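This report is for a reader meeting the structure below for the first time. Please look through the sequence and the model before reading on.

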Amino acid sequence: RNKATPTMNSSTTLTATALAVVLLIISPAANCAQPASRPIQIKNESGKRAEIYWVDPNGQMVKQTSSFLVNGQTLELNSYVNHTFLVKEFLAEEPDECKADPPKYKSPTRSPLCTPPSEAYITVNDNDDQVIHILKDMEVETEDSQSKAREIATSITSTCQEKVKEMDPTQILDAFVECAQPLVVNELHGAHKESKEQAIMREQIGGQWEEYSCKDMDLPTTSPKSIHFWQDDDGKEHEVGVLLDRDEAKIHYVKNFITPEECKAIEAAAAPSLHKATVADGAGGSELVKSRKALQAGVRVPWEREEDGDPIAAVSRRLYDYVNDATGYNLEEDGQEEIMSIQYEGRGIDDPEPDRYRPHCDGQCDGLLFRPSGRVATMVMYCEAPSKGGATNFRNVGVHIVPEAGTAAFFSYLGSDMVTDNRLTEHSCCPVLEGEKKIAVQWLRMGVDEQNPWNSFNTLGVKYSETFDQ
């Protein structure tokens, strides 16, 4: 009996530690940074009618329902981490015992017989898949990705704890690992399979959406999720529409970002060397393909003339400031690619092979760890907009940007955990049918500098000096 006690203590300590480890492994929230926005569901299971109010930062109550939630009804909301809501029992009128209160019991002093409506506060947490259950007397219970992961982890550890509790302490660790490993692998396999199926479905739907949206010439730019203003070093404010806001993938639409003078300077510098656009060939080089039809030329940024007010240097400084403010990447101009001037020409709606660029990623977008020296963000500055076609289309997230001269589309594709976007920023240029589309594009890299410039790496991110046999 005396020996049984330390055995149980060791087992308990072991399985408590194992619970934390298993939870860390299977919880999606533990392995990747999450965006601040959160879709939530509020389910009324109280047996009574309920009202939902958002408590704004000033403490004001903003009703989220037109009337009330009946028992069994679900309210779906797009909210944000740390937003607070009040859940309150709905009463059409005061109970009779409250109406009968003598004057001395009127609000704020109430009769002991007058019970106020039940209520509770809920706060949106940092986890995914949040479902708030309103239970009896307006008590609330939150179910989310973390709680589901904890249930799975508890199930695994309980199963294995039962198997090892009578074992000698020296055998517990190996026995527990042998028990838990296949259970954890099974859970991870199931989660991976579901994630892969969702990705395939997303791409299939995205392809259909792209075809539809590119054909609809009246489709406007996607409505932003939020709008804010960014001030450049000259004190000028630019309206920013946030179209996608995730840690690993952001898409912004910035108004009045590039001036006509800056556009003309870039176009003039590019004119002597315009050539047919190419793409990476998958083997470290580049090639001409039918999926990309346009003219392009690189333009060196004359940083040495920045203090003299050179227009190309001015807009380049502006875009580096914006990208670093939006992402926190702290990218510097040394070693970066040249600005790319790209021109698409419309030859009529009957053109069988119009200028376009089919779906692609500008950098690594496989959901894996970032390879140093690769691209992490893009700034597309629209200098001239076609009269028909030419929209920038992010098919996997349903974002559609109609070009407008002077505006810019910014997008980034690297998370704070150094894991890349998994095709969320895959995009295309819809066919340009009438007019010209002229853009200036800056691709920004992480891990390059003056000693290791972008062109010292091939399109696979490998230095040319390391591609030859030593």
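## Basis

This is a predicted model, in which local features need pLDDT of at least 70 and side-chain atom pairs count only at pLDDT 80 or more, while totals for chains, interfaces and linings use all residues. Residues are numbered from 1 along each chain as its sequence is written, and side-chain values use heavy atoms, with hydrogens and water left out.

## The chain as a whole

The protein chain has six helices and 25 strands. Helices (H or I, at least four residues) and strands (E, at least two) are DSSP runs, numbered from the N terminus. Of the chain's 470 residues, 41% count as buried. Buried means under 20% relative accessible area, exposed means over 50%, and partly exposed lies in between (1.4 Å probe, protein chains only).

The accessible surface of the protein chain comes to about 25,500 Å², and carbon and sulfur atoms hold 50% of it. Such areas come from the Shrake-Rupley method with a 1.4 Å probe; for residues, only the protein chains shown count as cover.

Among contacts in the protein chain with a separation of 6 or more, 71% are between residues 24 or more positions apart. Contact here means heavy atoms within 4.5 Å.

## Salt bridges

Side chains of opposite charge can pair when their charged atoms come close. A salt bridge is a side-chain nitrogen of Lys or Arg within 4 Å of a carboxyl oxygen of Asp or Glu. The structure holds 27 salt bridges. The table lists some of them.

| Salt bridge | N to O distance |
|---|---|
| Asp126 and Arg38 | 3.0 Å |
| Lys438 and Glu267 | 2.7 Å |
| Glu426 and Arg423 | 2.5 Å |

The side chains of Asp126 and Arg38 meet in one of these salt bridges. This pair links distant parts of the chain, 88 residues apart: Asp126 is in the loop between strand E6 (119–123) and strand E7 (130–134), and Arg38 is in strand E1 (residues 37–44). Asp126 is partly exposed because its relative accessible area is 42%, whereas Arg38 counts as buried because its value is 2%.

Lys438 forms a salt bridge with Glu267. This pair too links distant parts of the chain, with Lys438 in strand E25 and Glu267 in helix H5 (residues 260–270), 171 residues apart. Lys438 has 13% relative accessibility and therefore counts as buried; Glu267 has 30% and therefore counts as partly exposed.

The side chains of Glu426 and Arg423 also meet in a salt bridge. Both residues belong to a network of salt bridges that links Glu210, Arg395, Arg423 and Glu426. Glu426 is at 3% relative accessibility, so it counts as buried.

## Two residues with positive phi

Which loop holds Arg423? Arg423 is found between strand E23 (408–412) and strand E24 (427–434). The phi of Arg423 is near 70 degrees, a positive value in a residue other than glycine. With a relative accessibility of 27%, Arg423 counts as partly exposed.

Asn82, also a residue other than glycine, has a positive phi near 80 degrees. Asn82 lies in the loop between strand E4 (74–80) and strand E5 (84–89). Is Asn82 buried or exposed? Asn82 counts as exposed because its relative accessibility is 60%.

Gly206 is found in helix H4 (residues 169–215). Gly206 counts as buried because its relative accessibility is 1%. Leaving out residues up to four places away in sequence, Gly206 touches Arg395 and Asn396. The C-alpha atoms of Gly206 and Phe394 are separated by 8.3 Å, although these two residues are 188 residues apart along the chain.

Glu141 is placed in strand E8 (residues 140–143). Glu141 has a relative accessible area of 47% and is therefore partly exposed. Apart from neighbours within four places in sequence, Glu141 is in contact with Val131, Ile132, His133 and Leu135. From C-alpha to C-alpha, Glu141 and Val131 are 8.4 Å apart in space, and they are ten residues apart in sequence.
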